[in-house]
Amino acid sequence: MSTDSEIIQRSLGQPRAFAELFDRHARTVGGYAARRLGADAGEDILSETFLVAFARRKSFDTSWDSALPWLYGIASRLIRKHRAREAKHFRSSVESAQREEHISHGDLETTIARLDAEISTRELAPRIAALSKKDRETLLLYAWGDLTYEEVAVALGVPVGTVRSRMNRVRTRLDPARAITRERAMNDKEGAVDGRFRARA
């Protein structure tokens, strides 16, 4: 079975070969875009992503076997242009929850699970919407794109340390109670250590 890198290299001489990449990843990239912006805008993003990818296929880093992080990076940049729609999508999720119309899909629940945070959908949606553009994009690539930190870093063109920092910040903002508990635990631990030193003195 050909790797994505091999397909892209082959498509440089045989453009039709690029269709294999679409067949392989369209559902995943389209699903991610639809979660970010809704079904209609998601389809537009999917089409644009592969048009851009085809046009820029010469620039693909062939040291990567999978093109998925690269495709997510293109999709994410296109999604930035639809930021207003994205925020509106999250607001509608909150309104649905307020009307006791619980979201049937597991999107937000998946986010919660991957962040190990026990927060209700009603609380989580507005917090995601309130995140900075960079933090929200990092979170959703990780939670909905199901990428590793390293793959998120490739998709966004940033160091993996930046991804880790953003995710730590996101965890704190999405679950402030847990952050406070963690801070108290650290303070208690430091106090205990300090107490031991004082006792020895």
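This is a predicted model: local features need pLDDT of at least 70, side-chain atom pairs count only at pLDDT 80 or more; totals for chains, interfaces and linings use all residues.
Six salt bridges are counted here.

**Arg 80 and Glu 137**
- Arg 80 pairs with Glu 137 in a salt bridge, and their closest N and O atoms lie 3.0 Å apart.
- This pair links distant parts of the chain, because Arg 80 sits in helix 4 (residues 68-80) while Glu 137 sits in helix 8 (residues 133-143), 57 residues apart.
- Glu 137 has a relative accessible area of 4%, and it counts as buried because that value is under 20%.

- Asp 135 forms a salt bridge with Arg 173, with 3.5 Å between the closest N and O atoms.
- Here, too, distant parts of the chain are linked: Asp 135 belongs to helix 8 and Arg 173 to helix 10 (residues 160-174), 38 residues apart.
- Is Asp 135 buried or exposed? Asp 135 is buried, at 1% relative accessibility.

**Arg 164 and Glu 150**
- The side chains of Arg 164 and Glu 150 form a salt bridge, at 3.6 Å from N to O.
- Arg 164 lies in helix 10 and Glu 150 in helix 9 (residues 149-156), so this bridge links parts of the chain that are 14 residues apart.
- Arg 164 is partly exposed, at 38% relative accessibility.
- Glu 150 is likewise partly exposed, and its relative accessibility is 41%.

**Thr 138, a buried residue of helix 8**
- Thr 138 is located in helix 8.
- Its relative accessibility is 0%, and Thr 138 therefore counts as buried, since the cut-off is under 20%.
- Which residues does Thr 138 contact, leaving aside its neighbours within four places in sequence? They are Val 152, Leu 156, Val 163, Arg 166 and Met 167.

Methods
Residues are numbered from 1 along each chain as its sequence is written. Side-chain values use heavy atoms; hydrogens and water are left out. A salt bridge is a side-chain nitrogen of Lys or Arg within 4 Å of a carboxyl oxygen of Asp or Glu. Helices (H or I, at least four residues) and strands (E, at least two) are DSSP runs, numbered from the N terminus. Buried means under 20% relative accessible area, exposed over 50%, partly exposed in between (1.4 Å probe, protein chains only). Contact means heavy atoms within 4.5 Å.
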